[in-house]
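Here is a short tour for a first look at this structure. Keep the sequence and the model side by side as you read.

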Amino acid sequence: MNSGLKIATIGGGSSYTPELIEGFIKYYPELPVSEIWLVDVEEGKEKLEIVGNLAKRMVEKAGIPIKIHLTLDRREALENADFVTTQFRVGMLEARSKDEFIPLKHGVLGQETNGPGGLFKALRTIPVILDIGKEMKELCPDAWLINFTNPAGMVTEAVLRYSPIKKVVGLCNVPIGMEMGVAKLLNVDHKRVRIQFAGLNHLVYGLDVFVDGVSVKERVISILTNPEKTITMQNIHAMGWEPDFLRALNLLPCPYHHYYFKHGEMLEKELMDFQEGKTRATVVRELEAELFKLYKNPELAIKPPQLEQRGGAYYSDAAVRLIHSMYTDKRDIQAVNTMNSGAILSLPYDAAVEVSCVITKDGPIPMVVGELPIQVSGLVSQVKSFERVAIEAAVTGDRRKALLAMTINPFVPSDRMAKVLLDEMLEVHKPYLPQFQ
Ligand code: G6P
């Protein structure tokens, strides 16, 4: 009889895995995980072995009895799992590269989660997550699916609406990253900071900001009017906000808002990099090569600091904190992607939203937001329309729906351009889009 928790991690060969393992090690005294199954596909086998062996060394060094299993058999990993975490990338970095390069070639931001790149990542990922949902229904019907796979909002909503399992939570490091960022700006311990979040994944706003329960939003906004002070993540080139805009917005934007409110500047910057043959995917590829070289070293038994150059900082804290609160029915507040259920009035009831929730053993309970402030509700609704049409395209393989999604994406300037991008991207991603064949 198994006494501890079984975790199955799909996409276990990801360079982020040491991040997750570090979290499980840190929380072990309160979260008795007995086995972690790292599962990947055949193409990811080499990475799985390298990172999996590092994971084994990490738990051994920590002196903790978590057994790490490496497998290419997803069913074996899922069987009787308590929590399933997903961090896979269909088509690996090569696909991301195309998602970023093709739009830029046509003068459009690709952006792998919010832009045309995000649309294609959703089209490739959603059929796979729905397959995982079917297998979970059969092999671990009581397990929770904790999805980190991007575009996390769309992937989570696809499970909520189209999968036989309903126990799913989408998780992103942007909310925790923003709280850490505020803590740094105010020079206080991050545990004292809480942001009231509402919006969508990678389009989330801080409606209010508290330190020890007292609102400090005005102070934080005032600090952020200094262009030297920013809250961002490694993958987003931060530029200071126009002070009067920020004051009038009167909300805390997330780093991904740069793509909307500084669209021109972001495009210009990415086009300059593109001229030199560079996108974020090329940077990540180099970083990954360096990371896997380090991971191979049999002497290494900790998460190397170089991993912090990836955009996913604090994932381990966010993920393990969430699992811990669900397991212990802690009822603390964390921002996750979950079913709206009426929390944000202007969005559909069954839409995935990223919102502060009370975390219970029965899942997250979203805190009521009501109407979003008028200055942001339009954009949020527009992006949710894009997401919903994209999800429907992914599920049905309907080309017209995919064209509609591409055209209503805020980064795409016209229906003609949408068609150009769609045709070219459908062609290059063909092997990963069986539903469109
Ligand atoms: C941020 C986002 C993640 C995303 C990551 C990309 O952290 O919140 O959702 O996966 O950046 O980072 P990368 O290093 O892959 O560009």
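The report below covers the model, its salt bridges, its ligand, a group of strands and some local backbone features.

## About the model

This is a predicted model, in which local features need pLDDT of at least 70, side-chain atom pairs count only at pLDDT 80 or more, and totals for chains, interfaces and linings use all residues. Residues are numbered from 1 along each chain as its sequence is written, and side-chain values use heavy atoms, with hydrogens and water left out.

Helices (H or I, at least four residues) and strands (E, at least two) are DSSP runs, numbered from the N terminus.

## Salt bridges across the chain

The structure holds 30 salt bridges. The term means a side-chain nitrogen of Lys or Arg within 4 Å of a carboxyl oxygen of Asp or Glu.

One of them joins Lys 303 to Glu 19, with 3.2 Å from N to O. This pair links distant parts of the chain, 284 residues apart. Lys 303 sits in the loop between helix H12 (280-296) and helix H13 (315-328). Glu 19 belongs to helix H1 (residues 17-27). Lys 303 is buried, at 12% relative accessibility, and Glu 19 is buried at 5%. Here buried means under 20% relative accessible area, exposed over 50%, and partly exposed in between (1.4 Å probe, protein chains only).

Glu 288 and Lys 47 form another salt bridge, and their closest N and O atoms are 3.3 Å apart. Glu 288 is in helix H12 and Lys 47 in helix H2 (residues 45-62), so this bridge ties together parts 241 residues apart in sequence. Glu 288 is buried at 11% relative accessibility. Lys 47 is partly exposed at 23%.

## A salt-bridge network

Glu 157 and Arg 161 also form a salt bridge, with the closest N and O atoms 2.7 Å apart. How far apart are Glu 157 and Arg 161 in helix H6? They are four residues apart in H6 (residues 152-162), so about one helical turn separates them. Glu 157 is buried, with a relative accessible area of 0%.

Both residues belong to a network of linked salt bridges.

## The ligand and its surroundings

The ligand is surrounded by 16 residues, each with a heavy atom within 4 Å of it. The closest are Arg 96, Asn 173, Arg 280, Arg 310 and Gly 311. The shell divides into seven nonpolar, six polar and three charged residues. In this count, Ala, Val, Leu, Ile, Met, Phe, Trp, Tyr, Cys and Pro are nonpolar, Asp, Glu, Lys and Arg are charged, and the others, Gly among them, are polar.

A polar side-chain atom of Arg 310 lies 2.7 Å from a ligand oxygen. For Asn 150, an N or O atom of the side chain is 2.8 Å from a ligand oxygen. For His 202, that distance is 3.2 Å. Taken alone, the ligand exposes 390 Å², and the protein buries 97% of that. Accessible areas come from the Shrake-Rupley method with a 1.4 Å probe; for residues, only the protein chains shown count as cover.

## Strand S7 and its partners

Strand S7 (residues 193-200) is mostly covered, with seven of its eight residues buried. S7 runs antiparallel to strand S8 (residues 203-211), and eight bridges join them. Two strands pair if DSSP finds at least two bridges between them. Phe 197 has Gly 206 in S8 as its bridge partner. S7 and S8 form a hairpin with two residues between them. In the turn, His 202 has a positive phi of about 60 degrees.

S7 is also antiparallel to strand S11 (residues 352-360), joined by two bridges. Gly 199 stands opposite Glu 354 in S11.

## Local backbone features

A cis peptide bond joins Asn 150 and Pro 151, with omega about -10 degrees. Pro 151 is in the loop between strand S5 (144-147) and H6.

Asn 250 is not a glycine, yet its phi is positive, near 60 degrees. Asn 250 lies in the loop between helix H9 (243-249) and helix H10 (258-261), and is partly exposed at 28% relative accessibility. Asp 329, also not a glycine, has a positive phi of about 55 degrees. Asp 329 is in the loop between H13 and strand S10 (333-339), and is partly exposed at 24%.

Methods: Polar contact = N/O pair within 3.5 Å; in protein donor to acceptor, adjacent residues only side chain to side chain.
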